[in-house]
Amino acid sequence: MELGFIVTIFLIGFIGSYISGMLGIGGSIIKYPMLLYIPPLFGLAAFSAHEVSGISAVQVFFATIGGVWAYRKGGYLNKTLIIYMGASILIGSFIGGYGSKLMSEGGINLIYGILALIAAVMMFIPKKGIDDIPLNQVKFNKWLAAILALIVGVGAGIVGAAGAFLLVPIMLVVLKIPTRMTIASSLAITFISSIGATVGKITTGQVDYGPAAIMVIASLIASPLGAMAGKKMNTKILQVILALLIFATALKIWLDII
């Protein structure tokens with residue numbers, strides 16, 4: 001690998017993981033299009049959609065560890081939510097990750113575009129009063145959470161994402177979980193999800209280990225830094241940043257599909 005290629009992959013991993021730690025997402029919503037489009041812009045080797053989804057799956061696994069570690073104190077991690085949604089999304093992401101080998105490049109991009117569009121629409125739905133609920137009094141429908149996590153897992157496993165860009169709007173809009181608890185708990189659920197997606201991608205030979213290793217190093221440095229920044233930011237600002245990010249990614253993917 002050339003130095004320019006290594007630096008480019010590292011920066012993609014660092015920027016994506018910083019944002020992922022700050023917003024409680026695995027980062028594939030950002031890194032998937034960055035890996036797909038940025039290297040060719042600089043005349044570097046282009047990745048296929050299968051390679052990008054494989055690299056993303058491995059990288060998300062490590063990025064979320066750093067984010068969860070930074071949020072481990074303060075009562076932000078809802079263990080019941082993590083168990084119900086984590087178990088469901090693990091099953092779904094393994095099915096999606098393993099089955100993605102049977103899909104075409106266009107099929108993977110189409111699934112990604114649909115997921116990003118749904119997430120973008122949900123993020124712009126008003127979320128009134130959710131941050132007024134004390135963290136120790138948060139309640140939600142456990143089985144609804146489990147079913148939605150299973151569906152998200154299948155779609156996320158296909159594109160090598162861990163699904164947090166869809167989990168976050170579901171937790172905020174449908175389950176009414178406060179923003180900071182959503183960010184911290186979604187990182188833990190995303191970590192569990194990424195296990196299934198990563199195993200599925202590795203067993204079907206979809207991972208390019210060199211770039212994946214560079215992304216992992218970048219994510220272990222950047223994700224905890226992003227999580228620390230997220231703790232200090234206004235929750236409304238965090239929601240707006242995430243909404244704009246998901247919308248921009250959805251727009252770019254759909255422009256390419258059309």
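**Figure 1. Lys176 in the loop between helix 7 and helix 8 of a predicted model.** Lys176 sits in the loop that joins helix 7 (164–174) to helix 8. Helices here are DSSP runs of H or I with at least four residues, strands are runs of E with at least two, and both are numbered from the N terminus. The model is predicted, so local features need pLDDT of at least 70 and side-chain atom pairs count only at pLDDT 80 or more, while totals for chains, interfaces and linings use all residues. Residues are numbered from 1 along each chain as its sequence is written, and side-chain values use heavy atoms, with hydrogens and water left out. Lys176 has a positive phi near 60 degrees, and Lys176 is a residue other than glycine. With a relative accessible area of 43%, Lys176 is partly exposed. Buried means under 20% relative accessible area, exposed means over 50%, and partly exposed lies in between (1.4 Å probe, protein chains only).

**Figure 2. Thr190 in helix 8.** Helix 8 covers residues 179–203, and Thr190 is found in it. Thr190 has 0% relative accessibility and therefore counts as buried. Thr190 and Ile89 are 101 residues apart in sequence, but their C-alpha atoms are 8.3 Å apart in space.

Figure 3. Ser219 lies in helix 9 (residues 209–232). Its relative accessible area is 0%, so Ser219 is buried. Leaving aside neighbours within four places in sequence, Ser219 is in contact with Gly13, Ser17, Gln59, Phe62, Ala63 and Pro224. Contact means heavy atoms within 4.5 Å. The C-alpha atoms of Ser219 and Gly16 are separated by 7.9 Å, although the two residues are 203 residues apart along the chain.

Figure 4. Helix 1 has 21 residues, and the distance from its first C-alpha to its last is 30 Å, close to the 30 Å expected at 1.5 Å a residue. The expected span of a helix is 1.5 Å times one less than its number of residues. Buried residues in helix 1 include Phe5, Ile9, Ile12, Gly13, Gly16 and Ser17. Thr8 is found in helix 1 (residues 3–23), and at 13% relative accessibility Thr8 counts as buried. Not counting residues up to four places away in sequence, Thr8 touches Ile38 and Leu44. After helix 1 comes Gly24, with a positive phi near 75 degrees.

**Figure 5. Helix 5 and its buried residues.** Helix 5 (residues 105–123) has 19 residues and should span 27 Å at 1.5 Å a residue; its end C-alpha atoms are 27 Å apart, which agrees. Among the buried residues of helix 5 are Gly107, Ile108, Asn109, Tyr112, Gly113 and Leu115. Ala116, Ala119, Ala120, Met122 and Met123 in helix 5 are buried as well.

**Figure 6. The protein chain around these views.** The secondary structure of the protein chain comes to 10 helices and zero strands. Of its 258 residues, 57% count as buried. Among contacts in the protein chain with a separation of 6 or more, 87% are between residues 24 or more positions apart. The C-alpha trace spans about 50 × 35 × 30 Å along its principal axes.
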